[in-house]
Amino acid sequence: MHGVSLPQHQFARYAETYLQSRDRRHRDLIQSLQVACRSYTRVVLRLRAQAEAEARVASATVRDRARSPARGWGGSSTSVNHIPNQYPTPKKSFSRTSSRAPSPTSMFSHSQHGHFGHSRAGSLTSPVLHHSQSHAQFHGQGGATGNGAGMGSFQSPLYRLRRAPLLQVFVPSPDGDWLSDTSVVECEQELKRAGVTHLLRAGDVVWDAAVGDEGNVGRMVWDGSYLIDLDYTYSRSGDLPKYLPTLAFPPSYFHRVVRTMSARNPICHIDIGPWGEEIASNLQLLQDRMKTETPQGGHHMVVRWVHRSTFTIRPPASGKPLRVSVPQCVGPGPAPGGVWLIDPGWYGTVVVEAEGTNEGLADLQERCRGAFPIRATGAAANLSVSPERAAREEERRNVFRILREKSRPGEIWIRTVTVKERLLPP
């Protein structure tokens with residue numbers, strides 16, 4: 001029970017003491033902590049399997065009720081006024097107002113995804129049927145809901161549905177917080193000793209508890225074959241590496257698992273080229289108000305110009321999953337044939353923002369890959385460049401930030417990331 005009962009900061013203290021003394025007594029303690037972390041990892045993966053199994057059963061139950069209205073609920077209407085002996089029929093009912101303003105770019109109001117109990121017409125509705133409609137619209141069939149709760153009764157502080165699991169290993173690092181290649185290989189060996197390598201999936205986060213719990217120290221991501229480090233190009237705390245396409249995971253999959261500095265928005269890697277023509281047709285230059293923080297801690301509202309456009313990721317009519325367009329540096333995906341598939345959590349509207357300058361417009365045009373007229377991209381696009389520089393430019397075009405405050409189920413906001421935000425030299 002060390003993996004649950006022992007405070008997290010104690011792991012790093014015991015590892016530091018062991019590296020300084022190399023005492024046999026401390027060695028026995030280190031081995032016990034390694035065994036505890038292996039057990040913790042097995043428990044978390046077992047909880048994931050249990051949560052997904054319950055979600056599949058609950059989803060199948062809802063579909064069976066929808067197909068057979070004579071069983072279970074006794075009616076096919078979504079209103080409980082037609083369900084006898086369930087809820088009293090109110091004499092007068094009113095629409096429940098949302099505390100969040102409706103989106104100016106989407107036809108879906110906030111009350112349509114996230115608030116259960118009242119319909120837009122004012123009549124009481126069934127939470128299960130309302131939930132199944134939102135689930136089918138934004139997350140497809142057989143999956144889990146975007147809020148992580150799912151349609152089942154699964155609840156655990158160690159794992160949330162449709163979120164990345166945080167697995168633990170215990171490998172004392174002689175090189176400090178930054179794990180060497182030898183330490184990373186030893187972390188992979190710990191996963192093999194735990195017997196969970198066949199249960200790992202691309203996107204699983206593994207934490208070496210022996211190096212501390214400050215920020216993302218000791219956290220790595222499983223790419224399907226190996227553990228890879230986080231990317232520190234645009235953040236000192238680390239972001240998801242480019243080898244994992246963001247569209248293959250739910251938008252909030254790594255939330256609070258891969259931490260971000262203060263209130264900064266996480267980095268994502270998305271190729272918007274397949275929707276370039278739609279982005280070009282919806283492009284607008286708008287004024288936007290945003291809150292900025294002063295060095296003294298105060299906040300001010302400023303007005304800025306932004307280029308804003310939208311595109312829609314539609315669920316396929318045939319039910320066949322959509323493929324993700326990935327660069328050559330990305331390895332094979334988990335789907336049959338080694339392909340990456342778009343997660344149903346991205347189905348809906350995606351709002352793209354860029355700086356309201358000529359440079360910001362040119363950057364957005366380059367990301368759309370030929371959707372704009374050639375004259376709009378300038379003559380510099382015709383100049384020959386080296387393969388290395390072309391590869392770097394290709395990677396830069398896929399870098400965005402997810403705007404958490406503006407995003408909601410069915411409508412995800414992203415913003416282009418420019419070279420000015422880069423911390424490491426190219």
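The legends below walk through several close-up views of this predicted model.

Residues are numbered from 1 along each chain as its sequence is written, and side-chain values use heavy atoms, with hydrogens and water left out. Because this is a predicted model, local features need pLDDT of at least 70 and side-chain atom pairs count only at pLDDT 80 or more, while totals for chains, interfaces and linings use all residues.

**View 1. The whole chain, to get your bearings.** The protein chain has nine helices and ten strands; helices (H or I, at least four residues) and strands (E, at least two) are DSSP runs, numbered from the N terminus. Of the 426 residues in the protein chain, 42% are buried. Here buried means under 20% relative accessible area, exposed means over 50%, and partly exposed lies in between (1.4 Å probe, protein chains only). Among contacts between residues at least 6 apart in sequence, 65% join residues at least 24 apart, a contact being heavy atoms within 4.5 Å.

**View 2. Helices α3 and α5 cross.** Two packed helices are described by the angle between their axes and the distance between the axes. The axes of α3 and α5 come within 9 Å and cross at roughly 65°. That makes α3 roughly perpendicular to α5. Axes are lines fitted to C-alpha atoms, for helices over the stretch in contact, and angles run from 0 to 180 degrees between N-to-C directions. Angles under 35 degrees count as roughly parallel, over 145 as roughly antiparallel, 65 to 115 as roughly perpendicular and the rest as oblique.

**View 3. The residues where α3 meets α5.** Gln-34, Arg-38 and Arg-42 in α3 meet Glu-190, Arg-193 and Ala-194 in α5. By class, this contact has one nonpolar, one polar and four charged residues. Ala, Val, Leu, Ile, Met, Phe, Trp, Tyr, Cys and Pro count as nonpolar, Asp, Glu, Lys and Arg as charged, and the others, Gly among them, as polar.

View 4. In one of them, the side chains of Arg-38 and Glu-190 meet at 2.9 Å, N to O. This pair links distant parts of the chain, with Arg-38 in helix α3 (residues 24–67) and Glu-190 in helix α5 (residues 181–194), 152 residues apart. Both Arg-38 and Glu-190 are buried.

View 5. Glu-52 forms a salt bridge with Arg-201, and their closest N and O atoms are 2.7 Å apart. Glu-52 lies in helix α3 and Arg-201 in the loop between α5 and β2 (205–208), 149 residues apart. Glu-52 counts as buried because its relative accessibility is 18%. Arg-201, at 40%, counts as partly exposed.

**View 6. Two loop arginines with positive phi.** Arg-256 has a phi near 65°, a positive value in a residue other than glycine. Arg-256 sits in the loop between β4 (227–229) and β5 (267–269), and its 68% relative accessibility makes it exposed. Arg-369 also is not a glycine, yet has a positive phi of about 55°. Look for Arg-369 in the loop between α7 (358–367) and α8 (374–377); at 32% relative accessibility, Arg-369 counts as partly exposed.

Notes. Salt bridge = Lys/Arg side-chain N within 4 Å of Asp/Glu carboxyl O.
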